[in-house]
Amino acid sequence: MTPSIDEAVLLFLTLFALYSPLAALSSYLPIVGRLPPGDRCRLALGLFCYVAVFALTAIWIGEPLLELLGITTAALMVTGGIALLYAAIPMMRGIEEPAPRPAGTPDGEGASWRSVLLTPVTFPLTVGGTTFGILVAFRASAANTGAVIGLSVAGLAYAALTGVTLYAAGHLERRVSPQNRMLLERIAGILLVAIAVTLLFNGGTRMVIDALNNMKPL
C-alpha cells in the first residue's frame with residue numbers, strides 16, 4: 001500500500017479502537033429504546049451525516065478553526081464530560097425519564113429523534129474532543145492533497161460505522177426484555193459516568209498542563 005493509503009487505514013483503525021462499537025452499542029440502547037422503529041433509522045442516518053460533517057470539518061479546517069476560536073481539544077473533552085455526566089447520572093441511578101414527546105404525538109410513540117441526535121448521541125457518545133484531536137493530528141501529518149482525500153475517505157468510513165452501530169442497537173433493543181433493558185440501562189449509565197469522569201480528568205489535566213506551559217517565567 002502507498003503511504004497515503006497506509007495513513008487512511010491507520011486513521012480508521014485508530015478511530016475504530018477509540019469508538020469501540022460493542023461499548024457504543026450498549027450506550028445507545030437506552031436512547032433508541034424510547035424511539036419508534038422508523039425514528040431509529042432516521043437517527044442512524046442523522047448520526048452518519050453529523051459524524052461525516054464532523055470528520056471532514058476536522059480534517060480540512062480543524063486546526064485553523066480551533067486557533068481562530070481559541071478552543072483547545074482539552075476544552076472540548078471537558079465539555080463532553082460535563083454533557084455526558086448530565087445524561088448518564090440519571091441512567092446510573094435508574095431514574096431516567098422518557099424524553100418529552102412533541103405536542104400531538106400519539107401515545108405509544110417515542111420522543112423526537114431530533115431531540116437526541118446532536119446531544120448526547122453525536123456528542124459526546126460518538127465523537128468528542130479526543131476524536132477531533134486525532135483527526136486534526138492525522139491531517140497535520142498529511143503530505144499532500146491525495147493523503148488528505150484518503151483521510152477523508154477514512155473519516156466517511158468511520159461515520160458509516162457509527163450509523164450502522166446505532167442501527168444495530170435499535171434491532172438489539174427489540175429483543176431485550178423490559179427487566180434486562182433496565183439492567184442494561186443502569187450498567188450503561190455506570191460505564192458512561194466512568195467515561196465522563198475520564199474525559200473531565202484527562203481534559204482538565206491537559207488544560208492545566210497547557211496553562212503551565214504557556215506561563216511566562218517571572
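User: How many aromatic pairs does a search of the whole structure find?
Analyst: The search of the whole structure finds 3 aromatic pairs. For a pair, the ring centres of Phe, Tyr or Trp (its six-membered ring) lie within 6.5 Å; planes under 30 degrees apart count as stacked, over 60 as edge-to-face and the rest as tilted. Before going on, this is a predicted model, where local features need pLDDT of at least 70, side-chain atom pairs count only at pLDDT 80 or more, and totals for chains, interfaces and linings use all residues. Residues are numbered from 1 along each chain as its sequence is written, and side-chain values use heavy atoms, with hydrogens and water left out.

User: OK, what about the rings of F12 and F16?
Analyst: They form one of the 3 aromatic pairs. The ring centres of F12 and F16 are 6.3 Å apart and the planes are at 40 degrees, so this pair is tilted. Both residues lie in helix α1, 4 residues apart, about one turn of the helix. An α-helix has 3.6 residues a turn, so residues three or four places apart point the same way.

User: Are F12 and F16 buried, partly exposed or exposed?
Analyst: F12 counts as partly exposed at 24% relative accessibility, and F16 counts as partly exposed at 36%. Here buried means under 20% relative accessible area, exposed over 50%, and partly exposed in between (1.4 Å probe, protein chains only).

User: And how are the rings of Y19 and Y158 arranged?
Analyst: Their centres are 5.8 Å apart and their planes at 90 degrees, so that pair is edge-to-face. Y19 lies in helix α1 and Y158 in helix α7, so the pair ties together parts that are 139 residues apart in sequence. Y19 counts as buried at 6% relative accessibility, and Y158 counts as buried at 2%.

User: Let's look at α1 itself. Where does it run, and how many residues does it have?
Analyst: Helix α1 covers residues 3–19, has 17 residues and reaches 24 Å from its first C-alpha to its last, close to the 24 Å expected at 1.5 Å a residue. The expected span is 1.5 Å times one less than the number of residues. Helices (H or I, at least four residues) and strands (E, at least two) are DSSP runs, numbered from the N terminus.

User: Which residues in α1 are buried?
Analyst: A8, L11, L15 and Y19 are buried there. Seen down the axis of α1, the buried residues fall within an arc of 60 degrees, so they line one face of the helix. That arc is taken from the directions from the helix axis to the C-beta atoms. P3 and A17, on the other side of α1, are exposed.

User: What happens just after α1?
Analyst: S20 takes a positive phi of about 55 degrees there, although S20 is not a glycine. S20 sits in the loop between α1 and α2 and counts as partly exposed at 29% relative accessibility.

User: Switching to the core: which residues touch the most other members?
Analyst: In the largest nonpolar core, with its 41 residues, they are L11, Y28, L43, L47, V121, L135 and L166. Helices α1, α2 (21–32), α3 (37–69), α5 (114–126), α6 (129–140) and α7 (145–173) each supply at least two residues of this core. A nonpolar core here is a set of buried Ala, Val, Leu, Ile, Met, Phe, Trp, Tyr and Cys residues joined through side-chain atoms within 4.5 Å.

User: What does Y28 touch?
Analyst: Leaving out residues up to four places away in sequence, Y28 touches Y19, L47, V121, L125, T126, T165, L166 and A169. Contact means heavy atoms within 4.5 Å.
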